[in-house]
Amino acid sequence: MQTIENAPSVSHFERIGGEPVIRQLVDRFYDLMDQEAAARGIRALHPADLTESRNKLYWFLVGWMGGPPLYIERFGHPRLRMRHAPFAIGTSERDQWLWCMFKALEELVPDASLREQLQRSFMQTADFMRNQNE
Ligand code: HEM
């Protein structure tokens, strides 16, 4: 008999709707970063043209959620903290990043339990990127 305890685990990648929904999530995230005054500080850290930023976050998140390792295939181990070291990231930058991501999640992920799990994971990862003593 299948119960909650022994149900096969379903990845975040499958629950969110796979690559098309992750692409929409990333596009909405960067549109918000590009357009909203609340994210002006972190927008200024990014290149004028966000095409590569969109692609890299998309490739990364597909693997991070349990789908194919698109980022690793192209660039090797993400070493995210090291790759963020050139940018000054404190609590304000972290919170601006999360503001954009949470808003995109609210719009694109109707499953509240999945949304909360993703919010928690994003909070942990974003907090880990901080490199400023405040
Ligand atoms: C905490 C606040 C954060 C800030 C201010 C920030 C900012 C940046 C900036 C300025 C870049 C370089 C420009 C670019 O390549 O797009 C970058 C790259 C990247 N960020 Fe973030 N980021 C943050 C958090 C995160 C989080 C939480 C994730 C993943 C869940 C993430 C994933 C990435 C990836 C995959 C790249 C591309 C790395 C590469 O291959 O060069 N970032 N980020």
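Student: Is the crossing where α2 passes α7 left-handed or right-handed?
Tutor: α2 passes α7 in a right-handed crossing. A crossing is right-handed if the near helix is turned clockwise from the far one by less than a right angle, and left-handed if anticlockwise. This is a predicted model, in which local features need pLDDT of at least 70, side-chain atom pairs count only at pLDDT 80 or more, and totals for chains, interfaces and linings use all residues. Residues are numbered from 1 along each chain as its sequence is written.

Student: How many helices and strands does the chain have?
Tutor: The chain has eight helices and zero strands. Helices (H or I, at least four residues) and strands (E, at least two) are DSSP runs, numbered from the N terminus.

Student: Back to α2 and α7. At what angle do they pack?
Tutor: Helix α2 (residues 18-35) packs against helix α7 (residues 91-108) at about 135 degrees, and their axes are 9 Å apart. That makes α2 oblique to α7. Angles under 35 degrees count as roughly parallel, over 145 as roughly antiparallel, 65 to 115 as roughly perpendicular, and the rest as oblique. Axes are lines fitted to C-alpha atoms, for helices over the stretch in contact, and angles run from 0 to 180 degrees between N-to-C directions.

Student: Which residues in α2 and α7 meet?
Tutor: From α2, they include Val 21, Leu 25, Phe 29 and Leu 32. From α7, Cys 100, Met 101 and Ala 104 are among them. Two residues are in contact if their C-beta atoms, placed from the backbone, lie within 7 Å. The residues of this contact of α2 with α7 divide into nine nonpolar, one polar and three charged. Here Ala, Val, Leu, Ile, Met, Phe, Trp, Tyr, Cys and Pro count as nonpolar, Asp, Glu, Lys and Arg as charged, and the others, Gly among them, as polar.

Student: What about α2 and α4, at what angle do they cross?
Tutor: The axes of α2 and helix α4 (residues 51-64) cross at roughly 140 degrees and come within 9 Å. That makes α2 oblique to α4. The crossing of α2 past α4 is right-handed. Ile 22, Val 26 and Tyr 30 are among the residues in α2 that take part, and those in α4 include Leu 57, Tyr 58 and Leu 61.

Student: And how do α7 and α8 cross?
Tutor: Their axes cross at roughly 160 degrees and come within 10 Å, with helix α8 spanning residues 112-128. α7 and α8 are therefore roughly antiparallel to each other. Trp 97 and Phe 102 of α7 are among the residues that make the contact, as are Leu 118 and Phe 122 of α8.

Student: Where is Arg 79, and is it buried or exposed?
Tutor: Arg 79 sits in the loop between α5 (70-75) and α6 (80-84). Arg 79 counts as exposed because it has 10 C-beta neighbours inside 10 Å. A residue is buried if 20 or more other C-beta atoms lie within 10 Å of its own, exposed if 12 or fewer, and partly exposed in between; C-beta atoms are placed from the backbone.

Student: What share of the chain is buried?
Tutor: Buried residues make up 21% of the 134 residues.
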